[in-house]
Amino acid sequence: MAKAEFIGLHALTHIADQFTPQIIMGASYFRPEEMDRLHIKVISGIQFRNTATVMARKGGTTRRKVVGKKVDNPIGFLKERVLTAKQTMNRFSDNQDNYVETPYQVEGSSDYSYPMSEAAFKAITATYGEDLFANLFHGDLANDENGEKGALSLFDGFLTCIKHDVEDGLISEAMGNLVNCDAITAPTSSTDTAAWDAFCAWQQKWNGSLKNQLKVIVYCSTKTGTALARAYANVWHGNQGVRYLQVNGIETYNFTVPEYPNIEFAPSDIYGEGDKLIATIPENFQYGVNSEDSRSKISVKLGSDTDNLDITFQVESIQGARLLNPFASAFCMSNGTLVEKVVLGDFTRAIFAVSANDDALGTVTVNSAAPDPKKDYAANETLTLKATPKGSNKFVKWSNGKTTPEITVVTTGYPDAIVALFSK
């Protein structure tokens with residue numbers, strides 16, 4: 001049997017190549033169920049610049065003209081909408097001690113695999129995927145130079161695209177796609193219906209074409225979604241009629257109500273905090289992936305200026321987002337408030353990712369709580385990690401080689417990851 005030792009640069013690069021297809025597809029790979037739930041269209045292929053054309057109509061429907069009387073009917077204008085995918089990057093530091101194991105030879109083959117190292121690598125790619133997903137709405141490349149630590153972006157998100165459309169005058173009260181709405185807050189009693197009343201008044205101001213769409217998605221924060229559902233229940237004295245929807249057989253936050261059968265509410269944590277509402281048609285928010293660009297890869301570097309045993313993983317891919325049609329027949333937003341809840345992507349963030357190689361086999365805790373994949377840890381923080389197998393499964397060891405279920409680690413102030421390895 002081969003001796004347990006550092007698996008080497010060649011093996012790490014081979015593992016990285018296995019994960020490259022995942023990082024290429026970005027958030028659409030790591031959170032496909034959420035992309036479906038939020039009705040976001042994924043565009044892949046050679047899409048560094050994807051251009052589509054939308055029509056902005058002027059005036060209303062043509063009326064029958066009186067013979068001999070001229071009727072002006074300006075149709076409107078065409079607008080090119082470009083999705084530019086840009087290179088996104090994240091960097092993770094690790095140590096060779098976390099990639100020491102005896103290679104496993106695949107039966108009937110000359111190939112070797114490194115299951116523990118692959119599990120540790122999976123945690124890195126998962127962190128990158130979460131960073132991409134967190135940028136979908138609030139990502140803003142303008143923060144890259146001046147943003148506070150942890151607020152840097154990987155690409156411009158949907159709300160940043162909307163902000164640019166507002167600056168360009170494509171979204172405004174005059175265009176009919178920016179409509180005032182009363183503040184929406186949680187009901188204070190079982191008879192408080194103000195939040196739902198505010199939504200109904202806002203919906204009545206939408207452009208007629210938007211109101212008559214076969215389906216309209218209303219995006220909101222999770223708190224606002226809860227407030228609307230509770231206020232609707234109060235209208236009917238507790239017989240709320242709110243129907244929560246399923247995606248691929250799993251119940252979600254999305255809900256509908258009988259009065260508006262074509263409207264689906266889609267609350268989301270990554271949407272932010274506040275009462276701003278966005279109503280639009282399905283797949284009007286689009287996520288672009290340049291899946292055929294050679295710059296999408298995971299690079300592995302051994303050694304650093306301070307420690308020859310350091311390993312640096314640099315993860316790169318080509319991602320982008322756009323609002324395809326900002327015009328009133330397909331889009332409307334309110335004047336409410338909205339602030340980002342969290343935006344990830346700065347590869348200097350000190351995230352310490354703790355996970356299990358298979359959640360069905362066991363669980364992990366950090367200081368007796370579930371791991372928080374978005375939490376920063378300063379240098380020299382002491383964390384207690386505990387691995388607990390489920391049922392008759394067994395704990396094998398941690399990816400850093402420790403074999404006791406409960407260990408303590410001291411954070412370095414740099415990104416890191418550790419995986420609890422369980423087996424049946």
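Predicted model: local features only at pLDDT ≥ 70, side-chain atom pairs only at ≥ 80, totals over all residues.
**Entry 1: two helices**

I began with helix H4, residues 115–138, and helix H6, residues 158–167. Two packed helices are described by the angle between their axes and the distance between the axes. I looked up both values: the axes of H4 and H6 come within 3 Å and cross at roughly 25 degrees. Angles under 35 degrees count as roughly parallel, so H4 and H6 are roughly parallel to each other.

Which residues make the contact? On H4 I noted Leu-136, Phe-137 and His-138, and on H6 Phe-158, Leu-159 and Thr-160. I then sorted the contact of H4 with H6 by class and wrote down 4 nonpolar residues, 2 polar ones and no charged ones.

**Entry 2: aromatic rings**

Next I looked up the aromatic pairs, and the count comes to 24. I took Phe-199 and Trp-206 as an example: their rings lie 6.4 Å apart, centre to centre, with 85 degrees between the planes. Planes over 60 degrees apart count as edge-to-face, so this pair of Phe-199 and Trp-206 is edge-to-face.

Are these two residues buried or exposed? Buried means under 20% relative accessible area. Phe-199 has 0% and is therefore buried; Trp-206 has 4% and is therefore buried.

Phe-199 and Trp-206 also belong to one aromatic cluster. I listed the other members as Trp-196, Trp-202, Tyr-232, Tyr-244, Phe-255, Tyr-260 and Phe-265.

**Entry 3: a charge over a ring**

Last, I looked up Arg-31. What lies under Arg-31, and at what distance from the ring centre? I found the face of Phe-133, with Arg-31 over it at 4.9 Å from the ring centre.

Note on methods
Residues numbered from 1 in each chain as written. Heavy atoms only, no water. Axes fitted to C-alpha atoms, helices over the stretch in contact; angles between N-to-C directions. Helix = DSSP H or I, 4+ residues; strand = E, 2+ residues; numbered from the N terminus. Parallel < 35°, antiparallel > 145°, perpendicular 65-115°, else oblique. Contact = heavy atoms within 4.5 Å. Nonpolar A, V, L, I, M, F, W, Y, C, P; charged D, E, K, R; others polar. Phe/Tyr/Trp six-rings, centres within 6.5 Å; stacked < 30°, edge-to-face > 60°. Buried < 20%, exposed > 50% of the residue type's maximum accessible area, 1.4 Å probe, protein only. Lys NZ or Arg CZ within 6 Å of the ring centre and 35° of its normal.
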